[in-house]
Amino acid sequence: MALSKNRIKYIHSLELKKNRKADKVFLAEGPKLVGDLLGHFPCCFLVATSEWLSQNHHLPLTDVTEVSEEELSRASLLKTPQQVLAVFKQPEDETDASVIGRSLCLALDDVQDPGNLGTIIRLADWFGIEHIFCSPNTVDAYNPKTVQATMGGIARVKLHYTPLPALIGSLTDIPVYGTFLDGENIYGQPLSENGLIVMGNEGNGIGEEVRQLINRKLYIPNYPADRETSESLNVAIATAVVCAEFRRQAASL
């Protein structure tokens with residue numbers, strides 16, 4: 001079956017959040033990413049070259065279209081198409097704040113860049129953080145650029161979109177961490193194995209309403225302390241530094 005113009009148009013339409021939201025779907029491209037997501041999310045349809053299909057011929061899918069490289073390039077949103085693309089169903093979001101009391105979780109306050117969010121999801125996957133709570137204004141986790149940047153991490157990390165002030169306000173006797181220029185040096189602070197780590201917007205950091213609810217303020221020091229340096233770290237890089245220190249301390253207990 002040839003790839004129809006309507007299907008190509010539909011694939012391209014998934015660049016827009018309103019279209020992804022309407023059908024509760026998302027697009028993934030490339031052998032590694034699609035391979036990681038198959039089995040984790042219901043697959044609506046898959047488009048692939050004969051080469052990819054010959055290596056994956058036991059797929060339990062009913063809607064598969066074999067295409068040439070040229071046809072794939074017309075459908076793909078990538079500059080360099082990669083053998084296969086698929087449209088998956090988004091999971092149902094069931095926000096359960098109780099996980100924060102028994103595990104380490106992330107919260108993102110209005111992170112705007114799709115690449116940053118995708119990298120943070122990938123980092124969470126690496127460091128065994130299974131839940132990320134996002135403010136409603138945080139970029140959509142199912143943006144194609146975000147999905148690509150997760151490198152498959154989105155299969156194992158659950159995303160929850162919820163107002164952060166209400167979420168944090170509902171927590172009782174649970175540490176809520178955030179990074180600030182006036183915080184305590186992260187390398188000198190005891191860090192818990194459970195709780196919430198809040199990371200802020202690329203330009204403005206953590207918003208004032210959320211800031212007031214944070215009970216553990218941390219600072220990532222530059223080195224050496226008296227050296228002139230950049231104003232701040234990229235939010236994804238800062239997340240990596242913070243998560244690494246949490247896990248280092250947990251491993252040394």
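What covers the buried residues of α7? The answer is in point 3.

1. Basis of this note. The model is predicted, so local features need pLDDT of at least 70 and side-chain atom pairs count only at pLDDT 80 or more, while totals for chains, interfaces and linings use all residues. Residues are numbered from 1 along each chain as its sequence is written, and side-chain values use heavy atoms, with hydrogens and water left out.

2. Helix α7, ends and length. Helices (H or I, at least four residues) and strands (E, at least two) are DSSP runs, numbered from the N terminus. Helix α7 has 13 residues, and the distance from its first C-alpha to its last is 18 Å, close to the 18 Å expected at 1.5 Å a residue. The expected span is 1.5 Å times one less than the number of residues. At the start of α7, a side-chain oxygen of D113 comes to within 2.9 Å of the backbone nitrogen of G115. After α7 comes G128, whose phi is positive, near 70 degrees.

3. Helix α7, buried side. Buried means under 20% relative accessible area, exposed over 50%, and partly exposed in between (1.4 Å probe, protein chains only). The buried residues of α7 are P114, N116, L117, G118, I120, I121, L123 and A124. Their cover includes β5, β6, α8 (144-149), β7 (158-161) and α11.

4. I120. This residue lies in helix α7 and counts as buried, at 0% relative accessibility. Contact means heavy atoms within 4.5 Å. Not counting residues up to four places away in sequence, I120 touches L106, L108, I132, V235, A236 and T239. The C-alpha atoms of I120 and S76 are separated by 24 Å, and the two residues are 44 residues apart along the chain.

5. Strand β5. Five of the five residues of β5 are buried. L104, L106 and L108 point one way from the strand, whereas C105 and A107 point the other way. Two strands pair if DSSP finds at least two bridges between them. β5 and β9 run parallel and are joined by five bridges; A107 has V198 of β9 as its bridge partner. β5 also runs parallel to strand β6 (residues 131-134), with three bridges joining them, and L106 stands opposite I132 in β6.

6. Helix α11. The 17 residues of α11 (residues 235-251) should span 24 Å at 1.5 Å a residue, and the end C-alpha atoms are 24 Å apart, which agrees. N234 caps the N-terminal end of α11, with a side-chain oxygen 2.8 Å from the backbone nitrogen of A236. Buried in α11 are V235, A236, A238, T239, V242, C243, E245, F246 and Q249. These buried residues pack against β5 (104-108), α7 (114-126), β8 (176-185), β9 (195-199) and β10 (216-219).

7. Nonpolar cores. A nonpolar core is a set of buried Ala, Val, Leu, Ile, Met, Phe, Trp, Tyr and Cys residues joined through side-chain atoms within 4.5 Å. The largest has 47 residues, and L37, L106 and I132 have the most contacts inside it. Its largest share, six residues, comes from α11. A second, separate core has 17 residues, including L164, F180, I206 and V210. Leaving out residues up to four places away in sequence, the contacts of L106 include I120, A124, I132, L196, T239 and C243.

8. Cysteines. A disulfide is a pair of cysteine sulfur atoms within 2.5 Å. By this rule there are zero disulfides. C44 is in none, since the nearest cysteine sulfur, that of C43, is 6.6 Å away. C44 is partly exposed, with a relative accessible area of 29%. C243 is buried, at 1%; its sulfur is 11 Å from the closest cysteine sulfur, in C105, which is too far for a bond.

9. N201. This residue lies in the loop between β9 and α10 (208-211), yet is buried, with a relative accessible area of 16%. A polar contact is a pair of N or O atoms within 3.5 Å; within protein, one must be able to donate a hydrogen and the other to accept it, and residues adjacent in sequence count only if both atoms are side-chain atoms. The side chain of N201 reaches the backbone oxygen of D110 at 2.8 Å and the backbone nitrogen of G203 at 2.8 Å. Leaving aside neighbours within four places in sequence, N201 is in contact with D109, D110, Q112 and I206.
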